[in-house]
Amino acid sequence: MTTTTPFHDATADAAPQTQPTTVVEQQPTATPGLDLTPAPPATYPVAVPAPARALDLTSGVPVAYQPPVAHQAPVAHQAPVAPAPVVAPSVAPGPGRRPRTPAEAYAALLEGNSRFTGNAPHYPNHHTARRDALTQGQEPFAVVFSCADSRVPPELVFDRGLGDLFVVRTAGHVIGPTSLGTIDYAVENLDTPLIAVVGHASCGAVAATVGAHETGRLPDGNIRALVDRVMPSVTTAKAEGDGTLDECIVQHVHATVHQLPVVSPAIAQRLDAGTLGVVGMVYHLSNGRTEVISHLGDFRI
Ligand SMILES: [Zn+2]
C-alpha cells in the first residue's frame with residue numbers, strides 16, 4: 001500500500017473503545033509463576049482480547065486506530081493516576097542524568113526515536129568516558145524486549161548508547177523462562193523503571209505462526225517453540241478481527257505486555273508500587289517510528 005498520509009500519534013484521535021477491556025480475568029495463564037509449557041497444537045488458548053484497531057504496518061500509517069483502554073484489571077497495576085502533568089517528551093531528563101521513573105524513561109525512548117526518525121541522532125553515551133564509567137557497573141533506564149529481527153536494533157531505533165538499554169531479544173519477543181529471567185534480572189537488580197515490548201511490521205515469527213494457523217502445518221525443530229508461543233495471539237486476532245498479519249502483530253505486542261505481570265511476580269509487584277511501567281510498541285519498518293499501542297503502569301502515553 002502506498003500512502004502519503006503522515007504518521008501521527010493515533011492516540012490523539014482515538015475513537016471510543018468498543019472492545020472488551022478487562023484483561024487479567026481472561027488470561028489463560030493466570031496462575032502465578034512460570035507456566036510456559038507450549039499449548040497443544042489443536043487447542044491454543046486465547047491469551048488476551050484483541051485491542052480494537054486497524055493498522056497498516058506495511059505503510060507505517062495507522063488506519064482508524066483505536067488504542068486499547070489501559071489495563072483495567074482489579075489489581076493495583078492501574079492505580080489511579082494523580083493529577084500529574086501529562087507525560088510529554090519534555091519530561092525526559094537532560095543529558096547526563098539517567099531517567100528514574102517510568103514516565104521519564106518512556107519520554108527518553110520517545111525522544112530518541114524522534115531523533116532517529118528525523119535523521120538527527122545524537123548518539124549519546126558512545127564516548128570513551130562513558131565506556132570507562134561503565135566498568136564500575138550498569139544502570140540501564142529501560143529494558144527493551146524486542147523481536148530479534150535485524151531491522152529493529154534498539155540502540156539505533158531509540159538513539160541510545162552504552163549502558164542505556166537492557167536489551168532482551170527473541171524472535172517474536174516470545175516469553176520463555178530464560179528471556180523472562182533476563183528481564184527480571186534488570187527489574188530486580190538494576191531497578192530499571194520501564195520495560196518496552198517492541199514488535200514490528202512484517203515480523204517473520206508472527207507470519208510463520210499465521211501460516212501455521214492457516215495451513216495446520218507446524219514447523220519442526222526449535223522453531224516450533226516460537227510458533228507455539230505466538231499462536232494464542234494469532235488465534236485471538238483471527239477470532240476478534242480479520243486476523244491479518246498486521247492485526248496479529250499488534251495483538252501479539254498487546255498480549256506480551258499483559259502477560260509479563262502474570263508470569264513475573266517481580267514485575268507485578270513493581271507495577272503495583274508504581275516504580276515500573278510496561279509499554280508496548282510496534283516499529284514501522286517504512287519510517288522508523290515506534291507506535292505505542294499498549295501500556296501498564298502509572299504513566300500516560
Ligand atoms: Zn520479528
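**Figure 1. Strand 5, enclosed from end to end.** Seven of the seven residues of strand 5 (194-200) are buried, so this strand is largely enclosed by the rest of the structure. Here a residue is buried if 20 or more other C-beta atoms lie within 10 Å of its own, exposed if 12 or fewer, and partly exposed in between, with C-beta atoms placed from the backbone. Helices (H or I, at least four residues) and strands (E, at least two) are DSSP runs, numbered from the N terminus. This is a predicted model, in which local features need pLDDT of at least 70 and side-chain atom pairs count only at pLDDT 80 or more, while totals for chains, interfaces and linings use all residues. Residues are numbered from 1 along each chain as its sequence is written. In a regular strand, side chains alternate between the two faces of the sheet. Both faces of strand 5 are covered: Leu194, Ala196, Val198 and His200 are buried on one side, and Ile195, Val197 and Gly199 on the other.

**Figure 2. The neighbours of strand 5 in the sheet.** Two strands pair if DSSP finds at least two bridges between them. Strand 3 (142-146) and strand 5 run parallel and are joined by four bridges; Val143 has Ile195 of strand 5 as its bridge partner. Strand 5 also pairs with strand 6, again in the parallel sense, over seven bridges.

Figure 3. Strand 6 (residues 277-283) and strand 7 run antiparallel, with six bridges joining them. Six of the seven residues of strand 7 (residues 290-296) are buried, so strand 7 is largely enclosed by the rest of the structure.

**Figure 4. Inside the largest nonpolar core.** A nonpolar core is a set of buried Ala, Val, Leu, Ile, Met, Phe, Trp, Tyr and Cys residues joined through C-beta atoms within 7 Å. The largest one has 64 residues, and those touching the most other members are Tyr106, Ala142, Val143, Ile195, Ala196, Val197 and Met281. Two residues are in contact if their C-beta atoms, placed from the backbone, lie within 7 Å. Leaving aside residues up to four places away in sequence, Val143 touches Phe166, Val168, Ile183, Ala186, Val187, Thr192, Ile195 and Ala196. In soluble globular proteins, nonpolar side chains tend to be buried together.

**Figure 5. Helix 1 under cover.** Helix 1 (residues 102-117) has 16 residues and reaches 23 Å from its first C-alpha to its last, close to the 22 Å expected at 1.5 Å a residue. The expected span of a helix is 1.5 Å times one less than its number of residues. Helix 1 is mostly covered, with 12 of its 16 residues buried; among them are Tyr106, Leu109, Leu110, Asn113 and Phe116. The cover over these buried residues includes strand 3, helix 3 (154-157), strand 5, strand 6 and strand 7. Just after helix 1, Asn119 takes a positive phi of about 55 degrees.

Figure 6. The end C-alpha atoms of helix 5 (residues 204-215) are 16 Å apart, which agrees with the 16 Å its 12 residues should span at 1.5 Å a residue. Its buried residues are Ala205, Val206, Thr209, Val210, Ala212 and His213. They cover an arc of only 160 degrees around the axis, which puts them on the same side of helix 5; the arc is that of the directions from the helix axis to the C-beta atoms. These buried residues pack against helix 6 (223-240) and helix 7. On the other side of helix 5, Glu214 and Thr215 are exposed. Just after the helix comes Gly216, with a positive phi of about 80 degrees.

**Figure 7. Two loop residues with positive phi.** His173 is in the loop between strand 4 (165-169) and helix 4 (177-189). Phi of His173 is near 35 degrees, a positive value in a residue other than glycine. His173 is buried, with 28 other C-beta atoms within 10 Å. Asp191 is in the loop between helix 4 and strand 5, and phi of Asp191 is near 50 degrees, also positive in a residue other than glycine. With 14 C-beta neighbours inside 10 Å, Asp191 counts as partly exposed.
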